[in-house]
Amino acid sequence: MTGRTLRAVTFDYWRTLVWEPPGELERLRVEHFAPLLVRAGLAVSDEQLRAAHAAAFARASASWRANVQYRVEHAADDILDHLGADVDAHVRGELAQAFSDAGRQTPLQLAPGIEDALVSIRSKGLRVGIVCDVGLTPSPVLREHLERHGLLELFDHWSFSDETGDYKPATAPFVHACRGLHVSAEHVAHVGDQRRTDIVGAMKAGIVAVRYAGVFDDLDSSFPSGDVVIEHHDALMGALGIA
């Protein structure tokens, strides 16, 4: 399919490698936030906490689109500001840590066929990486989930935005991945679900863009669909011409 000699494949994380039950992360975060605020002498309802979390999430989404880094520390501050809470640095730090604690407990599920696809890619001698826009679950926790599923060792390199400093579709995360994998862009394919970030970013970097629609089918036609679209990871090897 690609007409190129591939030496590496990179993957998006969310909705490409794994997916989360809808609403579960928000529920767990609110569950973790509440006792912290009670200990700090703040009585807030779950409804107020959900509204504060939604406001922080909206700020995170806007920052993501603007390629401005937004970390859990920023989210903790925004939540407290939304609640009108004046607390010390220790409580703010605990609230930031709660994002990681909730993230660890989220029962992330593997995308169907991903383990077999990763094993098959490596069996052909290709290197494998991740290019991921990190939201409000930090990259160390994302690595822990891969390790729990027995997949971490299948990756040769990681380009997480909270470590690289850029979000897709900037080319910088893809350049970071190519350098880490010791390959040039023309020998790389990237697999991801989002047109605006994964597909546009890969294409700008000169990388083959594969859109995975098995968990989320991005129908936003204002952005390109990708060089190829697959609905199951079982189709990936054939789509890349390395079956």
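The sulfur of C178 sits 17 Å from the closest cysteine sulfur, in C132, too far for a bond. A disulfide here means a pair of cysteine sulfur atoms within 2.5 Å. The structure holds zero of them. C178 counts as buried because its relative accessibility is 9%. C132 is buried too, at 1%. Buried is under 20% relative accessible area, exposed over 50%, partly exposed in between, with a 1.4 Å probe and protein chains only.

A word on the source. This is a predicted model: local features need pLDDT of at least 70, side-chain atom pairs count only at pLDDT 80 or more, and totals for chains, interfaces and linings use all residues. Residues are numbered from 1 along each chain as its sequence is written, and side-chain values use heavy atoms, leaving out hydrogens and water.

Next, the cores. A nonpolar core is a set of buried Ala, Val, Leu, Ile, Met, Phe, Trp, Tyr and Cys residues joined through side-chain atoms within 4.5 Å. The largest has 36 residues. Which of them touch the most other members? F11, Y13, L17 and F155. Helix α10 gives the largest share, four residues. Helices are DSSP runs, H or I, of at least four residues, numbered from the N terminus. A second, separate core has 23 residues, including Y70 and F99.

Last, helix packing. α4, residues 89-105, packs on α6 at about 15°, axes 9 Å apart. Axes are lines fitted to C-alpha atoms over the stretch in contact, and angles run from 0 to 180 degrees between N-to-C directions. The pair is therefore roughly parallel, a label for angles under 35 degrees. S100, G103 and R104 of α4 meet V141, E144 and H145 of α6, with contact meaning heavy atoms within 4.5 Å.

Definitions and conventions. Helix = DSSP H or I, 4+ residues; strand = E, 2+ residues; numbered from the N terminus. Parallel < 35°, antiparallel > 145°, perpendicular 65-115°, else oblique.
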